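Subject: Structure handover: salt bridges

Hi,

Here is the structure I promised to pass on. Please open it before you read the notes below.

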Amino acid sequence: MFEQKKERILSGMRPSGKLHLGNLTGALENWVKLQDDYENFHFVADWHTLTTDYKHSARIWPDTIDMVIDWLAAGLDPEKSTLFVQSHIKEHAELHLLFSMLVTIPRLERNPTVKEQIRELHLEDRVSYGHFGYPVLQAADILMYRAHAVPVGDDQVPHVELTREIARKFNQVYGKVFPVPKALLTKFSRLPGLDGSKMSKSKGNTILLSDRPDVIRKKVRSAITDPQKIRMGDPGHPEVCSVFTYHQKFNPTEIPEIEAECKKGTLGCVACKNNLSDKLINFLEPIQVKRIRIEADQSYIKDVLRTGNSKARKEAQETMELVRENMKFGYFREIEELKWTKV
Ligand code: ATP
Ligand code: MG
């Protein structure tokens with residue numbers, strides 16, 4: 001029977017700490033959902049971790065293992081999805097170098113996500129060349145696998161836009177090699193953190209997938225809510241409250257009454273938060289149970305990455321052959337052949 005070839009998706013995460021609810025709602029959950037309809041490739045973006053912390057490179061490998069456990073516990077199936085490590089596929093570095101010639105500095109300076117990160121980390125006068133240019137590396141990560149779609153949170157959309165421009169430019173100058181990929185967003189593509197700003201591993205405003213019930217309760221109690229709702233009877237504004245956003249995602253059936261009662265002032269923040277904690281604890285329990293099981297089998301995790309690396313490497317080598325041929329770098333073959341015929 002003729003089987004339609006599936007489109008391919010590519011997406012990765014930085015091993016910069018355990019995963020949080022934002023990573024789940026913006027990306028991971030979508031990766032799991034798309035596994036049957038697409039050919040999934042997911043990579044540990046370990047080189048990208050160096051952009052914001054090049055000193056603690058020894059942490060990257062343990063964090064990689066930790067993150068892959070989260071991926072598997074959340075439902076990524078290595079039989080369906082190729083899971084691999086960026087730095088193990090050296091072709092990413094070569095494609096990044098070639099792409100870096102196609103992008104101007106002013107174009108990079110217009111990237112809102114990089115600008116926001118530089119501002120938040122106070123790096124204005126000392127941002128590194130690698131950090132500033134990481135969206136170009138990301139374009140190489142995506143296009144290496146000739147992906148059609150990229151399931152990411154909304155902070156990554158500007159990078160996918162740059163990737164599309166690079167794909168078009170490469171195809172126009174050297175001949176068509178790359179599809180022009182599109183971003184795939186979820187409804188919760190920018191989940192707020194406990195402080196109301198984007199939930200991020202590096203900001204300490206997260207609820208982790210692996211947080212124990214008492215930690216979840218404590219964190220939810222500390223979440224910033226509507227600043228105008230001070231006492232129980234005060235009418236609230238759910239649209240500005242991150243706790244309400246979490247209810248929308250993790251407790252959708254109670255939304256109409258929570259919204260109405262918060263607005264009337266009959267629902268206090270403490271009760272609302274306790275209710276949310278219960279829902280989060282229930283939601284995360286099966287993931288945590290699975291996590292413990294996977295964590296105990298380190299050789300399985302390494303096998304998953306070994307198999308994923310070899311699949312990814314094969315794809316990357318094929319892409320680079322095409323890239324070199326199209327750029328007329330194929331001439332290195334002549335020298336190689338010459339060497340072989342002389343021997
Ligand atoms: P870091 O602070 O180290 O950058 P991060 O929490 O932003 O970490 P990343 O590894 O950069 O996580 O992102 C992994 C994926 O999760 C990306 O697709 C990103 O868009 C998505 N993501 C990150 N934070 C959120 C969020 N708060 N809401 C929705 N999606 C998110
Ligand atoms: Mg990030």
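What follows is a short account of the salt bridges.

This is a predicted model, where local features need pLDDT of at least 70, side-chain atom pairs count only at pLDDT 80 or more, and totals for chains, interfaces and linings use all residues. Residues are numbered from 1 along each chain as its sequence is written, chains are lettered from A and ligands numbered from 1 in the order written, and side-chain values use heavy atoms, without hydrogens and water.

The search of the whole structure finds 22 salt bridges. The term means a side-chain nitrogen of Lys or Arg within 4 Å of a carboxyl oxygen of Asp or Glu.

Start with D66 and R291. Their closest N and O atoms are 3.1 Å apart. This pair links distant parts of the chain: D66 sits in helix α3 (residues 60–73) and R291 in helix α13 (residues 269–295), 225 residues apart. Helices here are DSSP runs of H or I, at least four residues, numbered from the N terminus. Both D66 and R291 are buried. Buried means under 20% relative accessible area, exposed over 50%, and partly exposed in between (1.4 Å probe, protein chains only).

R291 also meets E295 in a salt bridge, at 3.7 Å from N to O. E295 and R291 are four residues apart in helix α13, so about one helical turn separates them. R291 has 5% relative accessibility. E295 is partly exposed, at 35%. Shared partners join K18, D66, D70, R291 and E295 into one network.

Now look at helix α12 (residues 255–264). K263 and E259 are four residues apart there, about one helical turn. Their salt bridge has its closest N and O atoms 3.4 Å apart. K263 is partly exposed at 43%, and E259 is partly exposed at 28%.

Best wishes

Note on methods: Helices (H or I, at least four residues) and strands (E, at least two) are DSSP runs, numbered from the N terminus.
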